[in-house]
Amino acid sequence: MDFNFFIVTVDASDQIRENWNRSPNLLNRIVHVSNIYDFSKIPKADVVVLLDSKCVPHPLFIPWISMAFCQKVDIVYCDQEIINDNGQKIVTRPNIDRIWIEQVNIIGNSLFISWDKWRNSPQIEVDKFISHLLKIDGDIHISHIPYPLLSTTKDFLDLKINFQTKIPQFFEKNSKSNSFSIIICTKNNSQDCLRMVNSINCKSSSKNEIEILVISNNTDNNEDIENLKKLNNIKNVRLYHDNGIFNWSYLNNKFAKMAKNKILLFCNDDMEILTENWDEIISQIINSSDTGIIGTKLIYKNNTIQHGGILFGWQNSVIHDGLFEDKNSTEQFARWQCTRKVSAVTGAFLAIRKDIFFEVGGFDDKEMPISYSDVDLCLKVKEKGLSVIWTPLIEVRHDESVSRGLDHLNNFKAERCNTERLALEAKWGKDTFSSDFSVHPMWLDATLPFRLLQPVSLEKALNYIKSYKL
């Protein structure tokens, strides 16, 4: 594709301007502006290449821009490498997410923009410019080139992080009030269950809008039986007994039908809510017409992350995002401090509107009684065009599988878990779990996520550009 373009440097030094002007291949294609608001100096072109003053482009950056714009996109951005005395570091940027970019500039200050979008752009900073376009233009297409086509000597990323302060603007105008029905299954774990129920009520803004359904499944320890009776003294709690074979999906489906309120929240018993007014936060996010499901930041006792969403395509399966990262880590563009879209969230703490839950058929209690019905539910909701949202604005401590133990330590449970995974793959196709829109193809899945990098082939890069275009 041959296209007319101009490279625009913003606030470049005299020396950088002089170096650019010496390039014979870019004669009459360079425009220097002192600030982002100086748009009037830029002549018409098919594509405007807006470069950070401290960035040097790779020799192949124009061919790659051309290739990306062949995919009928409006805006393209790329990765970056930092080269300085400390060595070399590749900065792999995430795919565009209209919620994430409100909180952190995930695309950088260098963009390749079609003239049609450029000429109507407001005179604001790059990240705000993208957020503005996403709000007003429902037909905008943004693509990410998974190669470091720009180099800089900066030894840090200038991230404007507003994490854990307020709801993103995307959800700000939604109602904070709504009614919750919370469903908790438990067995021989009464102390943790009582602690969880207490945290739900104590940390909520209005427990009068909350009902809690606790299902005791085959509890046979006398002390736990007696302890659970204390729940009968709590006004908004209903205690039920079910002595059938443990089927997490069936139990949640059964008692969801008894729920009186608009929002369902499925919780494990081995948890404790740490965030004040958690119910208002969930309400604001879930009352968006785009939202289908919400998950939250689950943490271990040592303040590392247990769940930051669920990633697909990691070692040909699924894995919890952020596993064992410090809960306050701002690595990966503050990935674990920003409300954002994810492929799925765990059923250990999952909120969904009741009408949507029953519209998609609830949890699959036949093929996936325990392990993967949460992922299946997320896929069914996304199939309806709704988003699965993960937020760090609510923190929940999770002791993980106290009631029934860990699957991988029991041969029978491990085999059952594998059978359910195969059922999930048979239902949705193995390719569904071969990659994740939020995982850069450069990340190697030989260990935990975001630890090792690998080269990206030309074919893989092109498929990535085509597949993950907003």
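**Exercise 1.** In which loop does Asn189 lie, and between which strand and helix?

*Solution.* The model is predicted; local features need pLDDT of at least 70, side-chain atom pairs count only at pLDDT 80 or more, and totals for chains, interfaces and linings use all residues. Residues are numbered from 1 along each chain as its sequence is written, and side-chain values use heavy atoms, with hydrogens and water left out.

Step 1. Helices (H or I, at least four residues) and strands (E, at least two) are DSSP runs, numbered from the N terminus. Asn189 is in the loop that connects strand 9 (180-186) with helix 7 (190-203).

Step 2. Buried means under 20% relative accessible area, exposed over 50%, and partly exposed in between (1.4 Å probe, protein chains only). Asn189 has 8% relative accessibility, so it counts as buried.

Step 3. A polar contact is a pair of N or O atoms within 3.5 Å; within protein, one must be able to donate a hydrogen and the other to accept it, and residues adjacent in sequence count only if both atoms are side-chain atoms. The side chain of Asn189 makes such a contact, of 3.2 Å, with the side chain of Asp269.

**Exercise 2.** Describe the surroundings of Phe180 and classify its ring pair with Trp278.

*Solution.* Step 1. Phe180 lies in strand 9 and is buried, with a relative accessible area of 1%.

Step 2. Contact means heavy atoms within 4.5 Å. Leaving aside residues up to four places away in sequence, Phe180 touches several residues, among them Glu209, Ile210, Asn261, Leu265, Trp278 and Ile282. By comparison, Ile167 is 13 residues from Phe180 in sequence and 19 Å from it in space, C-alpha to C-alpha.

Step 3. Rings of Phe, Tyr and Trp (its six-membered ring) pair if their centres lie within 6.5 Å; planes under 30 degrees apart count as stacked, over 60 as edge-to-face and the rest as tilted. This rule gives 14 aromatic pairs. For Phe180 and Trp278 the centres are 5.2 Å apart and the planes at 70°, so the pair is edge-to-face.

Step 4. Trp278 belongs to helix 10 (residues 278-286) and Phe180 to strand 9, so the pair ties together parts 98 residues apart in sequence. Both Phe180 and Trp278 are buried.

Step 5. Trp336 and Phe450 form another edge-to-face pair, at 5.9 Å centre to centre and 65° between the planes. Trp336 is in the loop between helix 11 (331-334) and strand 18 (340-341), and Phe450, 114 residues away, is in the loop between strand 21 (443-444) and strand 22 (452-453).

**Exercise 3.** How do strand 16 and strand 17 run, and how many bridges join them?

*Solution.* Step 1. Two strands pair if DSSP finds at least two bridges between them. Strand 16 and strand 17 (residues 317-320) are antiparallel and joined by four bridges; Leu311 has Ile319 as its bridge partner in strand 17.

Step 2. The two strands form a hairpin with two residues between them, and Gln315 in the turn has a positive phi of about 55°.

Step 3. Five of the five residues of strand 16 (residues 310-314) are buried, so this strand is largely enclosed by the rest of the structure.

**Exercise 4.** How many disulfides does the structure hold?

*Solution.* Step 1. A disulfide is a pair of cysteine sulfur atoms within 2.5 Å. The structure holds zero.

Step 2. For Cys185, the nearest cysteine sulfur is that of Cys193, 9.6 Å away. Cys185 is buried at 10% relative accessibility.
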